[in-house]
Amino acid sequence: MTAATLDRLGLAGTGQISGTLSGTGTLLRLMLRRDRIRLPGWTIGLALLMGYFSTALRTVFATPEDLAGIATFAASPMGALLGGPGYGYDDLTMERFLVGQYGLYVIVGAGLMSLLTVVRHTRAEERSGRAELVRANVVGRHAQLTAALLLTVLMNLLVAVFVTAVMAASGVAGALLFGASVGATGLVFAGVAAVTVQLSEYPRAASSLAGTVLGAAFVLRGLGDMAQAHGSWLSWLSPIGWSQQTAPYTLDRWWPLLLSLLAAGATAAAGYALSARRDLTAGLIAPRRGSATAPGWLAGPTALAFRLQRAGLVGWTVALSCGAALYGAFTQPLLDGFSDAPADLLAVMGGEQDLRAGFLGLIGLMMALVVAVFAVLAVQALRNEETEGRTEPVLATAVSRVGWAGGYLAVTALGVLWLLLVSGLASGIGAAASTGDGALVGEMVLGTVAHTPAVWLVLAVAVLLYGVVPRALPAVWLVVGYGVVVGFFAPLLDIPDLAVAVSPFEHVGEYPLEPIAPVAVLLLTGLAAAVGAAALAGFRQRDIVAT
């Protein structure tokens, strides 16, 4: 760094490093400056999500009779899987229903916010080379991790305050406890990320490891809450379960949050200890050494794109197969538990006329939304290849820009088709085993694969943003998030039909409940191809970002 740069950072003239935390305040201010858009986006966004749930559900379930009707589902095993342990459902109020059934998604959002923030300001900085420039000056070894954790603590405090403010009209004590529960989960996964960033030298791997812990916590909580009313011992193995076991507006107990604080402190301490045992930019888990020579099949950009995505495809295949089979296996228990559900809730499943087909169609939609996450992450990986300086050397050879980006797009598109096929097969096998109807295997494969054009369109939009305005690439998550809200909550929240039609996932039809619309399949496929072509054209025109 130049002397002028040091002076701007407030590091000039300070002499030698005075401790492992030197420069923490300066780095924290720098991180706040960099996250001036992300910080309010995450914190206010999570609070607005809870506010939207509160406003919409008060409109849909306007009377005590409406709430009494939905209590049966909320207390059922499927309600526990989708919501929580069900405290207070024997005398259900709107506040108890909000935090018990929909608060889960705000809690998970806080965990995701925290782990991504820590990875962004630690491992990603090391990978880009900026951390080495900073550490070459009067900055302590632990300053960067400390600043990242302090930023994450601040974000979780803001989330807790904003969520409390949204829910305060329903009772300050319960609102404060629920807000604290959301923030406490975020702190736990900040600590988890502090550990995972020490293990791998790649930001994507660190995020994946922390995300796997978050996913495992969600599954453990779901299985534990399904096992018995108010959760079983499995629920207490999950940080998400600890927050839900506070039971706001029912038991109002604070002590489960001590587990969250202890876990957050222990994982953060482990992160500090592990960071002292590795070199800068290195990971404790050494990457496997590659072959000295490349095989012949890696000669082209498409083969290289497949090689880069191979490990991810394997992991997604295993995870989706297990998850889809699990959901399919709950087909018959769900049919048994939904017999007395209210009409508004049955509308989510397609109505009481064919509840089984509605549930299976909903599984297909769920798998499509999850695979859309894979597609967006794949495009973000392509962006990382560029920002980390690996794209420019490839394009310096005889490889064209269209060949490079087009090959990556083609591999990801085929990966989408493969993952939907595997998901449909696994969920069909699970549903067939649960109900004894073998015909469900074919129906689930067809119904899940039918969503391929919608996912392709999301992929094409992501590539368009990457090719034209790469900094705006995170905006594609709005498309996925909107698809989730419309797909699962449109009947409950009374979303207008015109707003529902904006989602690309609402046109093909949720087979086997609804027939597949071939015109929609063709139009979505054509639109995805057109947007993809525009994306490649845009990529040809812009400059390459090099480190």
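In the predicted model, helices H17 and H19 cross in a right-handed sense, with axes that come within 9 Å and an angle of roughly 155° between them. That angle exceeds the 145 degrees above which a pair counts as roughly antiparallel, and H17 is therefore roughly antiparallel to H19. The contact draws on Arg356, Leu360, Ile363, Met367, Ala368, Val371, Phe374, Ala375, Ala378, Ala381, Leu382 and Glu385 from H17, which meet Trp404, Tyr408, Thr412, Gly415, Val416, Leu419, Leu420, Ser423, Ser427, Ala431 and Thr435 from H19. Sorted by class, the residues of this contact comprise 16 nonpolar, five polar and two charged.

Helix H20, which spans residues 440-449, has Leu440, Met444, Val445, Gly447 and Thr448 as buried residues. An α-helix has 3.6 residues a turn, so residues three or four places apart point the same way. The buried residues of H20 pack against H17 (355-387) and H19 (401-435), and also against helix H21 (452-468).

On the H10 side the contact is formed by Phe189, Val192, Ala193, Thr196, Val197 and Leu199, and on the H11 side by Ala206, Leu209, Ala210, Val213, Leu214 and Ala217. Eleven of these residues are nonpolar and one is polar, while none is charged.

H10 also packs against helix H9 (residues 143-167), the axes coming within 8 Å and crossing at roughly 160°. H9 and H10 are therefore roughly antiparallel to each other, and H9 passes H10 in a right-handed crossing. From H9, the residues in contact are Leu145, Leu149, Thr152, Val153, Asn156, Val159, Ala160, Val163, Thr164 and Met167, whereas H10 contributes Ala175, Leu176, Phe178, Gly179, Ala180, Val182, Gly183, Gly186, Leu187, Ala190, Ala194 and Gln198. The division by class for this contact is 15 nonpolar and seven polar residues, with no charged residue.

Gln198, located in H10, has a relative accessibility of 2% and so counts as buried, the cut-off for that class being under 20%. When residues up to four places away in sequence are set aside, Gln198 touches Arg123, Leu145, Gly271, Leu274, Ser275, Arg278, Gly283 and Leu284. Of these, Leu145 is also among the H9 residues that meet H10.

Over the whole chain, 24 helices and zero strands are assigned, and 49% of the 547 residues count as buried. Among contacts with a separation of 6 or more, 76% are between residues 24 or more positions apart. A specific pair separated in sequence is provided by Leu326 and Ile429, which lie 103 residues apart along the chain and 9.8 Å apart in space, C-alpha to C-alpha. Leu326 belongs to helix H14, residues 301-329, and is partly exposed, with a relative accessible area of 34%.

Several backbone features are found in loops. Most residues other than glycine have a negative phi, and most peptide bonds are trans. Asp252, although not a glycine, has a positive phi of about 50°; this residue is placed in the loop between helix H12 (239-244) and helix H13 (256-275), where Asp252 is partly exposed at a relative accessible area of 34%. Thr281 likewise has a positive phi, near 75°, in a residue other than glycine. Thr281 lies in the loop between H13 and H14 and, at 31% relative accessibility, counts as partly exposed. The peptide bond that joins Tyr511 and Pro512 is cis, with omega about 15°, and Pro512 is found in the loop between helix H23 (497-500) and helix H24 (518-541).

How values were computed:
Residues are numbered from 1 along each chain as its sequence is written. This is a predicted model: local features need pLDDT of at least 70, side-chain atom pairs count only at pLDDT 80 or more; totals for chains, interfaces and linings use all residues. Side-chain values use heavy atoms; hydrogens and water are left out. Buried means under 20% relative accessible area, exposed over 50%, partly exposed in between (1.4 Å probe, protein chains only). Helices (H or I, at least four residues) and strands (E, at least two) are DSSP runs, numbered from the N terminus. Contact means heavy atoms within 4.5 Å. Ala, Val, Leu, Ile, Met, Phe, Trp, Tyr, Cys and Pro count as nonpolar, Asp, Glu, Lys and Arg as charged, and the others, Gly among them, as polar. Axes are lines fitted to C-alpha atoms, for helices over the stretch in contact, and angles run from 0 to 180 degrees between N-to-C directions. Angles under 35 degrees count as roughly parallel, over 145 as roughly antiparallel, 65 to 115 as roughly perpendicular and the rest as oblique. A crossing is left-handed if the near helix is turned anticlockwise from the far one by less than a right angle, and right-handed if clockwise.
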